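This report concerns helix packing and selected residues. Please consult the sequence and structure shown below.

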Amino acid sequence: MSQRDTLVHLFAGGCGGTVGAILTCPLEVVKTRLQSSSVTLYISEVQLNTMAGASVNRVVSPGPLHCLKAILEKEGPRSLFRGLGPNLVGVAPSRAIYFAAYSNCKEKLNGVFDPDSTQVHMASAAMAEHKN
């Protein structure tokens with residue numbers, strides 16, 4: 001693999017990782033809010049009412065869409081991208097190295113196994129992850 005090919009793969013991996021992080025950032029924010037919020041600690045409660053007998057009241061915790069709506073109303077759309085900067089500092093170089101290592105390993109393993117076989121792809125992915 002030439003140096004130019006390696007640079008192209010590094011750039012492509014970095015761009016792909018960046019786009020992926022940007023697109024999934026709102027989902028990560030909602031997920032983190034749901035995990036850290038005391039609202040998610042609601043548990044179905046069983047209440048015994050002596051006058052009417054036993055009854056079961058279900059307390060439903062708000063879901064992701066409700067959380068998304070609350071974030072947008074209270075904090076605005078920019079808050080969905082909180083933490084994106086530090087995330088990109090880690091994701092972009094990591095994905096760039098992984099993508100270049102995967103391509104390099106795949107090229108080398110095509111000479112060992114059947115070209116573009118399942119073994120080539122699996123071994124390349126494992127080695128790229130190990131290098132990363």
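## Asp-116

Asp-116 is partly exposed, with a relative accessible area of 48%; buried means under 20% relative accessible area, exposed over 50%, and partly exposed in between (1.4 Å probe, protein chains only). Asp-116 lies in the loop between H3 and helix H4 (118–131). Although Asp-116 is not a glycine, its phi is positive, at about 55 degrees.

## Basis of the values

This is a predicted model, in which local features need pLDDT of at least 70 and side-chain atom pairs count only at pLDDT 80 or more, while totals for chains, interfaces and linings use all residues. Residues are numbered from 1 along each chain as its sequence is written, and side-chain values use heavy atoms, with hydrogens and water left out.

Helices (H or I, at least four residues) and strands (E, at least two) are DSSP runs, numbered from the N terminus. Axes are lines fitted to C-alpha atoms, for helices over the stretch in contact, and angles run from 0 to 180 degrees between N-to-C directions.

## Packing of H1 with H3

Helix H1 (residues 3–36) packs against helix H3 (residues 84–109) at an angle of about 140 degrees, and their axes are 7 Å apart. H1 and H3 are therefore oblique to each other; angles under 35 degrees count as roughly parallel, over 145 as roughly antiparallel, 65 to 115 as roughly perpendicular and the rest as oblique.

Residues of H1 that meet H3 include Gly-13, Gly-14, Gly-17 and Cys-25, and those of H3 include Arg-95, Ala-96 and Phe-99; contact means heavy atoms within 4.5 Å. The residues of this contact of H1 with H3 divide into 13 nonpolar, 8 polar and 1 charged. Here Ala, Val, Leu, Ile, Met, Phe, Trp, Tyr, Cys and Pro count as nonpolar, Asp, Glu, Lys and Arg as charged, and the others, Gly among them, as polar.

Phe-11 is placed in helix H1 and is exposed, with a relative accessible area of 60%. The C-alpha atoms of Phe-11 and Ala-96 are separated by 6.3 Å, although these residues are 85 residues apart along the chain.

## Packing of H1 with H2

H1 and helix H2 (residues 64–75) pack at an angle of about 100 degrees, with 10 Å between their axes. H1 and H2 are therefore roughly perpendicular to each other.

In this contact, Val-29, Val-30, Arg-33 and Leu-34 of H1 meet Pro-64, Cys-67, Leu-68, Ile-71 and Glu-75 of H2. By class, the contact of H1 with H2 has 7 nonpolar, no polar and 2 charged residues.

## Cysteines

Cys-25 counts as buried at 4% relative accessibility, and Cys-67 is buried with a relative accessible area of 12%. The structure holds 0 disulfides, a disulfide being a pair of cysteine sulfur atoms within 2.5 Å.
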